[in-house]
Amino acid sequence: MIADLLTVVLVVAGLAFFAAGTVGVLRFPDVYTRLHALTKADNLGLGLVIAGLLFQADGATGVLGLLLVWALVLASGTVVAHLIAQRTRTHGAFESADREPATRDPEEGGG
Amino acid sequence: MSAVLFVFDVMLLVGIGGVAWHCLTSTDLFRAVVLFIALGLLLSMAWVRLEAPDIALAEAAIGAGVTGALLLITLERLKHLEALSPTGRDPEHSTGSSAGRALLSGVVIALVGALGLLLIRALLAQPGQAGLQPLVDAQMHRSGVDNPVTGVLLNFRAYDTFLELAVIVLALLGAWSLGRHESVPARPVPGPMLPGILRFLTPVAIVTGVYLLWAGTHGPGGAFQAGAVLAAAGILIVLGRPRRLPIAPDQPLRLGLVAGVALFLGVGVHGLLFGPGFMGYVEPWAYWLILAIEVAATLSIALALVALFIGGRPHEEDR
Amino acid sequence: MSLFLAAAATFLLFTVLLGLVRVLRGPGSGDRMLAAQLFGTAGVAIVLLLGFALDAPALIDVGLVFALLSAVAAVAFVRQQRLPEPGDGGAGEGERGPTMREGSDDR
Amino acid sequence: MIDWPGPVLLYPFGGVFLFALGLYAAIVRRHLVQKVLGLNVMGSGVFMVLLSLAARGQATDPVAQALTLTGIVVAASATAFALALAVRLKRVSGATELDAPAGDDDDPARER
């Protein structure tokens, strides 16, 4: 019963972070601030959801599996956010893969 | 419960339809590719809802991982070639006469819509029961494994799986016949983060792949999922090389690529000579034969997908 | 309990679909990619919640593969190069090894 | 696990929609990458129909699931081959679409 209550509290808290992260990704003005919102959802949102689910897991394998998922998302999510920020800084925010950069070939710029 | 799941299903289907629509009508190719990756994730959730965790695993690994990376790199290759010789350009703007295009669109929409209605009609006429499931269930104890999907793949319909492995090798031969590989055009983001994360992710991906291979005999998982995850690990290694692609040793590469098909064929012929017939297993050995074939098939699938990601045939042949 | 978990998964799916607006709007490629990253993480959470709601523990494996492979596309994305600048084209070609030189010799 | 016939009712139609949409895109869109995406979406529609038909009864039909599994891997390798062909076409002729006169000076580029 206590376990169920803890699950509800933690999962709801996680959902709140996901919702906040989504609102941030939608409303913030540029890539860097959006990344800030994204990492909150990545780390805390998923972390709290998984912490809540830990109370429902039966057996060591379930717990270990959940913790492994969390560790993976923590590591890769953080690094991916960093890499996206770095790429945006060095390559510019508005380069899109199928468009030529306007500086290179003015004729292509409109595409 | 059921009402909540109903809402979930409706939202999921609306999402899938909307994402597919925007993916296919987008003029920005990069946007289309990102939407395609998102579509893979949504489809994976749909497969979960349809009680097909095996398929969800494969879709997550292939749709979101392998195909996504492949599409992104292909866009980059096309852009690179565009830079080398800017002759043919801006395909989405070369629309020809707009009236003709509109007419074509209209005709195609009408035909596709009619086809869709026909398909729905055919679906409504389907009897409401689960096809061959009772038959598989009745024979499951003879298959040598506990996961029915693996049993069907590697025992009951081994022929299909064998030919499917051959098709993968064929696709790779086709890609190799196009000439030398296009190197992955890439200038990585500088700094220690990318190599660091690759050093962390690659071993975890390899362990996960092996785990899925082992899990496949009794639960969701198996050669295809494991091959896809291992291929993702290989793609990570390819992407992690700062400058050049690793040049694989030729003979082992080719042996690995055909290992799945060759072992499958060998076991099939063994069944023909000593057992119940072509592609049948001598029963007490079924589990071990299936496991051996799965290991070889995993290796072949992973190598083939990585080789397809790299593109043309390996360097050494050209020397 | 499973009712609550299914409702949580449904709520997350809703936020994910909202987040897709960022993929559609962009404007930059980094924006689209980070929205896809949010999508991947929330997808992990949805699959895990569904796994416990439907009492299908095998779905933890699906979540694991989601978590693992959502990074692959992002790594491919950050490995993309900018077009070689007219000035540093020579250096860029050398860096990419023999294949690309072959490519330019073709024509 | 399923206590209502929902997926059985909804998902096949979603699959038909995906199939039709993908077919439309594969015919109408001109960029080869877009055509490949369309073919992939078509395939996903087929998989969705197959899997939802497999999920009808008390237990799922493993034969349809096995077919879908092979289908996904074949689709991935065929996609890779098609993209390799597209890159090759681009390298040889400079075009990224099929019906453009390859490398011709009558390119639409001249119209602009």
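User: What makes residues 82-107 of chain C stand out in pLDDT?

Analyst: This is a predicted model, where local features need pLDDT of at least 70, side-chain atom pairs count only at pLDDT 80 or more, and totals for chains, interfaces and linings use all residues. pLDDT is the predictor's confidence in each residue, from 0 to 100, and over residues 82-107 of chain C it stays under 50. The model still has 45 contacts there beyond four places in sequence, a contact being heavy atoms within 4.5 Å. Residues are numbered from 1 along each chain as its sequence is written, chains are lettered from A in the order in which they are written, and side-chain values use heavy atoms, with hydrogens and water left out.

User: And what pLDDT does chain C average?

Analyst: The average is 72, with 73% of the residues at 70 or above.

User: Why are α3(B) and α11(B) called roughly parallel?

Analyst: Their axes, lines fitted to C-alpha atoms over the stretch in contact, with angles from 0 to 180 degrees between N-to-C directions, meet at about 20° and lie 10 Å apart. Angles under 35 degrees count as roughly parallel, over 145 as roughly antiparallel, 65 to 115 as roughly perpendicular and the rest as oblique, so this pair is roughly parallel.

User: Which residues make that contact?

Analyst: On α3(B), B:Ala69, B:Leu70, B:Ile73 and B:Arg77; on α11(B), B:Leu308, B:Phe309 and B:Ile310.

Conventions. Helix = DSSP H or I, 4+ residues; strand = E, 2+ residues; numbered from the N terminus.
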